[in-house]
Amino acid sequence: MTDDTLTGLGWSDHFARQLTPEDAALTPARLAEVHRDRMRAVTPTGQIELLPTESTGAYAVGDWVLSDGTHAIRRLTPTSDITRRAAGRDVRIQRIAANVDTLGIVTSCNADFNVARLERYLALAHSGGCLPLIVLTKPDKADNADDYLRQAQRLSPLVTAISLNARIPEEVARLTPWCKNGQTLALVGSSGVGKTTLRNALTGEEAATRGIREDDARGRHTTTNRSLAPTLAGGWLIDTPGMRELQLADAGEGIEAVFDDIEELALTCRFRNCAHEGEPGCAVRAAIAAGDLDADRLARWEKLRREDRHNTETVAESRARGKAFNRMVKEAVSKSKRRRDPGGPA
Ligand SMILES: Nc1nc2c(ncn2[C@@H]2O[C@H](COP(=O)(O)OP(=O)(O)OP(=O)(O)O)[C@@H](O)[C@H]2O)c(=O)[nH]1
Ligand SMILES: [Mg+2]
């Protein structure tokens with residue numbers, strides 16, 4: 001196996017450095033699909049099925065693993081890790097995709113377009129360690145497509161926004177720079193925004209797509225699995241099911257990056273612990289009064305920070321509870337073993 005063929009799958013020195021002499025008999029494989037009891041992976045010599053050696057929640061599409069041909073023996077630390085708080089009442093971190101170079105945040109020029117949601121996705125990309133790219137689909141359906149594009153570009157100076165008709169392959173080709181030569185582009189967004197339509201144009205596949213409800217632009221959750229597929233340009237594309245809700249956790253850094261204008265202003269408030277609620281010398285409130293900062297943007301920043309703090313704490317608490325429970329179970333098991341085998345090791 002040459003380095004070149006591995007590089008084409010997205011392999012780099014970052015992974016090579018994690019190999020130890022004990023791994024000599026194992027081969028690298030990149031996860032293309034993760035199911036409850038099995039996984040599909042791509043290797044330089046073709047696709048293989050792999051069995052997990054940890055709970056499948058530990059793996060994400062895009063992960064590199066070392067395999068003995070049947071099992072994923074070891075998972076390598078990824079270059080980027082897109083995670084969220086799992087949907088529902090669960091307090092778990094869910095891994096969405098790994099080793100993603102660019103996170104394509106897909107939204108449409110219709111009722112799906114929502115600045116607060118886009119800011120969430122931008123924070124998700126930053127905290128996950130990859131570049132955000134906003135892809136605005138369905139400009140052909142809107143009279144004011146340029147307004148949507150301007151709004152998206154105004155979100156942050158760090159962000160690139162592109163507007164294209166996902167049904168026209170020549171237009172979708174503008175995404176090629178982000179998914180060629182072993183580069184991985186992952187697409188996220190609500191159901192019905194055109195992620196799979198983009199995937200099909202970029203990979204030449206014909207995965208299922210379905211029309212949306214015209215009254216409220218909601219999709220029908222057509223894609224149900226995350227998957228990694230090769231693009232025609234020699235890179236990789238991760239398609240994901242539409243997200244109903246994106247709750248951030250452990251995303252403090254991402255939020256800071258997306259709202260760095262407010263974070264910078266806050267540094268110049270008279271009081272270090274200023275809550276920007278009317279304290280004297282508050283630079284944030286002064287900027288709002290001067291028309292330099294939008295009060296709604298401040299409210300969105302505060303909401304995201306509160307949510308992230310709450311979720312991060314809840315996840316940490318639930319991990320601690322889980323660990324305490326495991327310890328209790330272990331102690332109970334070893335106690336009952338000792339009772340059954342009093343002569344055994346203590
Ligand atoms: N007119 C127009 N229709 C589009 C465009 N992009 C996607 N569509 C249509 O929108 C519908 C939904 O597209 P999908 O690709 O299935 O959306 P998705 O984001 O994969 O949806 P889920 O799999 O449910 O998350 C399909 O009927 C597409 O043909 C676009 O740029 N213009
Ligand atoms: Mg889809």
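In β10, S163 is the bridge partner of L136. The two strands involved, β9 and β10, run parallel and are joined by 4 bridges; strands here are DSSP runs of E at least two residues long, while helices are DSSP runs of H or I with at least four residues, and both kinds are numbered from the N terminus. Two strands are said to pair if DSSP finds at least two bridges between them. Strands of a sheet pair through backbone hydrogen bonds, either parallel or antiparallel.

All of this comes from a predicted model, where local features need pLDDT of at least 70, side-chain atom pairs count only at pLDDT 80 or more, and totals for chains, interfaces and linings use all residues. As for labels, residues are numbered from 1 along each chain as its sequence is written, with chains lettered from A and ligands numbered from 1 in the order in which they are written.

Back to the strands. β9 and β10 belong to an open sheet of 6 strands, with the order β10-β9-β8-β11-β13-β12 and mixed pairing. β10 (160-163) and β12 (227-230) stand at the edges with a single partner strand each, so one side of each has no neighbour in the sheet. From one strand to the next, the twist averages 25°; angles like this run from 0 to 180 degrees between N-to-C directions, using axes that are lines fitted to C-alpha atoms, for helices over the stretch in contact.

β8 itself is mostly covered, with 7 of its 7 residues buried. A residue counts as buried if 20 or more other C-beta atoms lie within 10 Å of its own, as exposed if 12 or fewer do, and as partly exposed in between, with C-beta atoms placed from the backbone. T102, G104, V106 and S108 point one way from β8, L103, I105 and T107 point the other way, and all are buried.

α4 lies across β9 and β10, running at about 165° to β10. α6 lies across β8 (102-108), β11 (184-188), β12 and β13, at about 160° to β13. Because 8 of its 9 residues are buried, α6 is largely enclosed by the rest of the structure. Those buried residues are K195, T196, T197, L198, R199, N200, A201 and L202. They pack against β8, α5 (169-172), β11, β12 and β13; two residues are in contact if their C-beta atoms, placed from the backbone, lie within 7 Å. Just after α6, G204 takes a positive phi of about 80°.

α6 also turns up around the ligand. Helix α6 (residues 195-203) gives the most to the shell around ligand 1, with 3 residues. In total, 25 residues surround ligand 1, and the closest are A166, G194, T209, T223 and G242; a residue is near a molecule or strand if its C-beta atom, placed from the backbone, lies within 6 Å of it. The shell divides into 4 nonpolar, 14 polar and 7 charged residues, where Ala, Val, Leu, Ile, Met, Phe, Trp, Tyr, Cys and Pro count as nonpolar, Asp, Glu, Lys and Arg as charged, and the others, Gly among them, as polar.

Another covered helix is α3, with 11 of its 14 residues buried, among them L118, Y121 and L124. At 1.5 Å a residue, the 14 residues of α3 (residues 115-128) should span 20 Å, which agrees with the 20 Å between its end C-alpha atoms; the expected span is 1.5 Å times one less than the number of residues. Just after α3, G129 takes a positive phi of about 90°.

Two residues other than glycine have a positive phi as well. K138, in the loop between β9 (131-137) and α4 (145-154), has a phi near 60°. K138 counts as buried because it has 25 C-beta neighbours inside 10 Å. D250 sits in the loop between β13 (236-239) and α7 (252-258), and its phi is near 60°. With 17 C-beta neighbours inside 10 Å, D250 counts as partly exposed.

Finally, the whole chain. The protein chain has 10 helices and 13 strands, and its C-alpha trace spans about 80 × 55 × 40 Å along its principal axes. Buried residues make up 37% of its 346 residues. Among contacts between residues at least 6 apart in sequence, 64% join residues at least 24 apart.
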